[in-house]
Amino acid sequence: MTKIQANISGTRNIEISEQHLQTLDKYQLFRDLIDSTGYVDEQVLNKLKLNIRSLLESESGRDKDLIDLCLDVVYHPDMKAYGLQQLVTLYINWKNRANANLGMTTRAFQGTPFN
């Protein structure tokens, strides 16, 4: 389990498991989520929630891991735009570690904007 900071002051955290990251990857939930500005705001969080809601309504959405991701992370009461930015950063770093042998050198740091 890894914790992400859910607010700027650091008083709120959300626990992220390896399974949560694998579920994000399996459903490619961050694909085309963030526009070219690179900013994560409440609209981006709402778009993610709508995308997940569509998946849950489909046959493939009956996946326990997707439901767990919703309950534990995406619909967590402390999840706001800042927390989503931290989650995306964690996911990028997780993917980079998984693809380390492919020559990828991009890194993201928690607390920094994407642009």
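Which residues are buried in H3? Leu66, Leu69, Cys70, Val73 and Val74 are. Buried means under 20% relative accessible area, exposed over 50%, and partly exposed in between, with a 1.4 Å probe and protein chains only.

## Basis

This is a predicted model: local features need pLDDT of at least 70, side-chain atom pairs count only at pLDDT 80 or more, and totals for chains, interfaces and linings use all residues. Residues are numbered from 1 along each chain as its sequence is written, and side-chain values use heavy atoms, with hydrogens and water left out.

## Overall layout

The protein chain has four helices and two strands. Its pattern along the sequence is β-β-α-α-α-α. Helices (H or I, at least four residues) and strands (E, at least two) are DSSP runs, numbered from the N terminus.

The protein chain has 115 residues, and 38% of them count as buried. Take the contacts with a separation of 6 or more: residues 24 or more positions apart account for 62% of these. Contact means heavy atoms within 4.5 Å.

## Helix H3

The face turned away from the buried side carries the exposed residues Lys64 and Leu71.

Asp63 caps the N-terminal end of H3. One of its side-chain oxygens lies 3.0 Å from the backbone nitrogen of Asp65.

## Nonpolar core

The largest nonpolar core has 28 residues. Such a core is a set of buried Ala, Val, Leu, Ile, Met, Phe, Trp, Tyr and Cys residues joined through side-chain atoms within 4.5 Å. Strand E2 (13–16), H1, H2, helix H3 (64–74) and H4 each give two or more residues to this core. H4 provides the largest share, six residues.

Leu29, Phe30, Leu84 and Leu87 have the most contacts inside the core. Setting aside residues up to four places away in sequence, Leu29 touches Thr23, Leu24, Leu48, Ile52, Leu55, Leu66 and Leu69.

## Aromatic pairs

A pair of aromatic rings is described by the distance of the centres and the angle of the planes. Rings of Phe, Tyr and Trp (its six-membered ring) pair if their centres lie within 6.5 Å; planes under 30 degrees apart count as stacked, over 60 as edge-to-face and the rest as tilted. The count comes to two aromatic pairs. Phe30 and Tyr91 are edge-to-face, at 5.3 Å centre to centre with 80° between the planes. Phe30 lies in the loop between helix H1 (18–26) and helix H2 (42–57) and Tyr91 in helix H4 (residues 81–98), so the pair ties together parts that are 61 residues apart in sequence.

Tyr91 and Trp94 form a tilted pair, at 5.8 Å centre to centre with 35° between the planes. Three residues apart in H4, they are separated by about one helical turn. Both Tyr91 and Trp94 are buried, and Phe30 is buried too. Ring pairs link Phe30, Tyr91 and Trp94 into a cluster.

## Salt bridges

A salt bridge is a side-chain nitrogen of Lys or Arg within 4 Å of a carboxyl oxygen of Asp or Glu. The count comes to four. Among them is Asp78 with Arg12, at 3.7 Å, N to O. Asp78 lies in the loop between H3 and H4 and Arg12 in the loop between strand E1 (2–5) and E2, so the pair ties together parts that are 66 residues apart in sequence. Asp78 is partly exposed at 21% relative accessibility, and Arg12 is partly exposed at 43%.

Lys95 and Asp25 also meet in a salt bridge, at 3.1 Å, N to O. This pair links helix H4 and helix H1, 70 residues apart. Asp63 forms a salt bridge with Lys26, with the closest N and O atoms 3.1 Å apart. Asp63 is in the loop between H2 and H3 and Lys26 is in helix H1, so parts that are 37 residues apart in sequence are tied together. Asp63 is buried, with a relative accessible area of 14%, whereas Lys26 is exposed, at 57%.

Note on methods:
Polar contact = N/O pair within 3.5 Å; in protein donor to acceptor, adjacent residues only side chain to side chain.
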